[in-house]
Amino acid sequence: MQLTVWTYEGPPHVGAMRVATAMRDLHYVLHAPQGDTYADLLFTMIERRSKRPPVTYTTFQARDLGGDTAALFQTACHEAYERFRPKAMIVGASCTGELIQDDPAGLAKAGGLPIPVIPLELPSYQKKENWGAAETFYQIVRHLAGPQALPPNSARPIRAAGEKPRCNLLGPTALGFRHRDDVRAVTGLLERMGIAINVTAPWEASPADIARLGNADFNVVLYPEIAGPAAQWLKRSFGQPIVSTVPIGVGATRDFITEVARLAEIDPAPFLKAEESRLPWYSRSVDSTYLTGKRVFIFGDATHAIAAARVAREELGFEVVGLGTYSREFARDVREAAARHGIEALITDDYLEVEARVAELQPELVLGTQMERHIAKRLGVPCAVISAPVHVQDFPARYSPQMGFEGADVLFDTWVHPLMMGLEEHLLGMFRDDFEFHDGAAPSHLGHASRAPARAAEPVIEVAAPAMAEAAAPVVADGPTGWAPEAEQELRKIPFFVRGKARRNTESFAGQRGIRLITVETLYDAKAHFGR
Amino acid sequence: MTTSPVILPGPPASSCSNPPILRERGQREVFCGLTGIMWLHRKIQDAFFLIVGSRTCAHLMQSAAGVMIFAEPRFATAIIEERDLAGLADANEELDRVVMRLLERRPDIRLLFLVGSCPSEVIKLDLSRAAKRLSERVAPAVRVLNYSGSGIETTFTQGEDACLAALVPSLAAAPADAPESLLVVGVLADAVEDQFRRIFAEIGIRHVDFLPARKAGSMPSIGPGTRYLLAQPFLGETARLIESRGGQRIAAPFPLGAEGAAGWIHAAGATFGIAPATIDAAITAPLERARKAVSRYRDMLAGRRIFFFPDSQLEVPIARFLHRELGMELVEVGTPYFHKEHLAADLALLPAGTAFSEGQDVDRQLDRCRKAAPDIVVCGLGLANPLEAEGLTTKWAIELVFTPIQGFEQAGDLAELFARPLNRRARLEV
């Protein structure tokens, strides 16, 4: 049993719902108790979808358990078919449905529906949402495109001369983080390169579209967490190579263009030149000087976390101090990425563990999920959201992709805006002791009446202090390092947004030297030692 | 007019005390009883709710109400994993370990509910034995109780019924010679509770308790002198258990709207032998305020046709309020469970021929709803946006549970909840 307060991922059948809801003409019959229908509101409320997800739940109750729940399932399948007339159906069980062992697969097969019925085995007590989405997409692809697979050991037919290269876009689902806008951004990019999109799936694909996936020359996998297994199968069955770069950030988008051009057998140079992002110039402009070396903590699904780490370091000049993921299936990739940043990856789905790590590292910016947004808010650290799990705010009305050059511009804005802007930070530093400008004063635009409560006594530090002392344990004789009142006073003169860092640096400086009491002298010695 | 301002108009000439009910069994688009934890944990301030369930349960709690504003809320899920399914003995050991770890982390907790879920019920994990076992380990600092909020047994607000029903046997017995006392049963917002407390004090009911109390240590005692008044219409099992300990129910309409609140207070007063004039004197001012506040929305709502999808079991008394005090027409009043006895006073005030439905077959009900084309639809969050997109105006039902709507001072707020969607639609020009 695992004690859980908040979860990063839902159960695997919610992953299956994300695939089904993204598609057209597909229906999902789910053997599930009353109450599991809550999942509908994820789509209708969070994503503001105007249609109910195409899901029929058997919603069995205790009184049904003594009777024939299997018949209930069969009736649900038939009624769903009659009412919705889907072109294909997926069937499976939720966590409770799995326990009553009615065998939805067998029952649906015996039901004799005149459409393809695809059984799903999603072990709820082992796996989670993204795995469920990946498995569902894989099963749909295998069942519907399988009949068209090439005979073993045969090569793909050569594309006729003059025919546009074609690719599939794989992975976007309902309830994904900016999938809607990424599809548009990447489709535009590929079309400008003269590449035709054969099928985008699962996003708005019909079963008939899935059946013709094999007509593409290669596959672009936007979200490996979801489309990885399906793309591997397509590679084996249709000889379609996979574009493995996910185009998040300027560098990755350039790599993506190069990789796509190679597979499409075209010259990438004109496209690399023609496609522009403002990010490189914005990062070089002097106001961004203040971004240099900002300590950033990154957590999310593997794809977004790894991509964010690269953008943070190479394109914004941040220092990545923490990198982690809840996607255990991709732990190896994230560990490798973390190693490139000289840090150790945090692989966990325990939100309290993430919170402890953020508190310990005291970053100046957190890039994470909605969970990290809450953590950061509590700890008083600026934050931008880069990954699912999603919140209604992650479905903005405006076009706001993460991918491609337009996506890179979005990243620049969303990551930099939570931070103090350059000149602003400079002025705050200059006037930090000004009576109207100290950090306890409310922002002037709120007027004097609405004086903000004094900044909650640096909650970051409260949590972090013992952890830091522990980290320095080998050198410290015994007991934690303490602060002399005057030093504490002096520390308060440092602007609040760098105070946490100053405290941390000073404590680690003192710890390494076995200094038990931090004085004003220690504070400035540490400042000189760390150099910023 | 010489009548006292608080004399209520009589029931309709032909009321629906024993109406025909359309009973449906199909797909139900409702929450399970776990959802009740959302408000129960805010009410009982030193209680912790530990769901013993699956990742789905945890995901529901996190998604259903967007309650992540609480850093470390007083609820959590012990997620059953593959190896817990292999052997129940180990599952019990695991549960004990999780509970001990939790209590170590939260020394402020005095009352722990082990909340059963669909999977824990299906694998027959005996949470009542677990609660007993753990109680022995952690008493007297913490009491451990259990109830089921599983979807196979409970619908949405029935979770509160199950929770309160678990509390009842643990309540102290009132002394044999204790005077008659009033027990108000069902979670009310603290502010609403305080308003009722003041009114009861003013009319002269001296011993008034509320179940649940705000702290585990101050739960009321009960006995044959207990006269209980339901504040919520979904407390069938709790009522049964209170009666098994000698409590007697005070029949009353539910305290929704001016009429409901007045009827509710009058019923309590009558039980304690308080003269109607004394009660009228105490409630004249709030009743007038309530009527005035409600009347502000009458123009907007009168004659409008309303359709209820089943959700909280509050549908019948709310329909009574909307029909009687705002002149709305009831197209269909759907409710998950129809407790005729507890709803008798409300039903008597509804016109004959009101269409009731119990249970659900959601697609068929949607067909009926579209066909009837009501002016406003009360439904769950899964249905609201799709219906809006079809051009229907909706009021999402969960707000009726999360907003203080009971009592005189909230009657206007309750009316406003129904006027707002219509108001909004009237304002928007795009």
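Reply: Two strands pair if DSSP finds at least two bridges between them; strands (E, at least two residues) and helices (H or I, at least four) are DSSP runs, numbered from the N terminus. The model is predicted, so local features need pLDDT of at least 70 and side-chain atom pairs pLDDT 80 or more, while totals for chains, interfaces and linings use all residues. Residues are numbered from 1 along each chain as its sequence is written, with chains lettered from A and ligands numbered from 1 in the order in which they are written.

Me: What makes E10 and E11 of chain A a pair?

Reply: Strand E10 (residues 295-300) and strand E11 (residues 319-325) of chain A share six bridges in the parallel sense; the criterion is at least two, so they count as paired. Gly300(A) stands opposite Thr325(A) of E11(A).

Me: Why is one side of E12 and of E14 in chain A left without a neighbour in the sheet?

Reply: The open, parallel sheet of chain A has five strands in the order E12-E11-E10-E13-E14. E12 (346-347) and E14 (383-385) are at its edges with a single partner strand each, so one side of each has no neighbour in the sheet.

Me: How do you know that domain 2 and domain 3 of chain B touch?

Reply: Contact requires C-beta atoms, placed from the backbone, within 7 Å. Ten residues of domain 2 of chain B are in contact with six residues of domain 3 of chain B. On the domain 2 side, helix H1 (residues 37-43) of chain B gives the largest share, three residues.

Note on methods: Contact = placed C-beta atoms within 7 Å.
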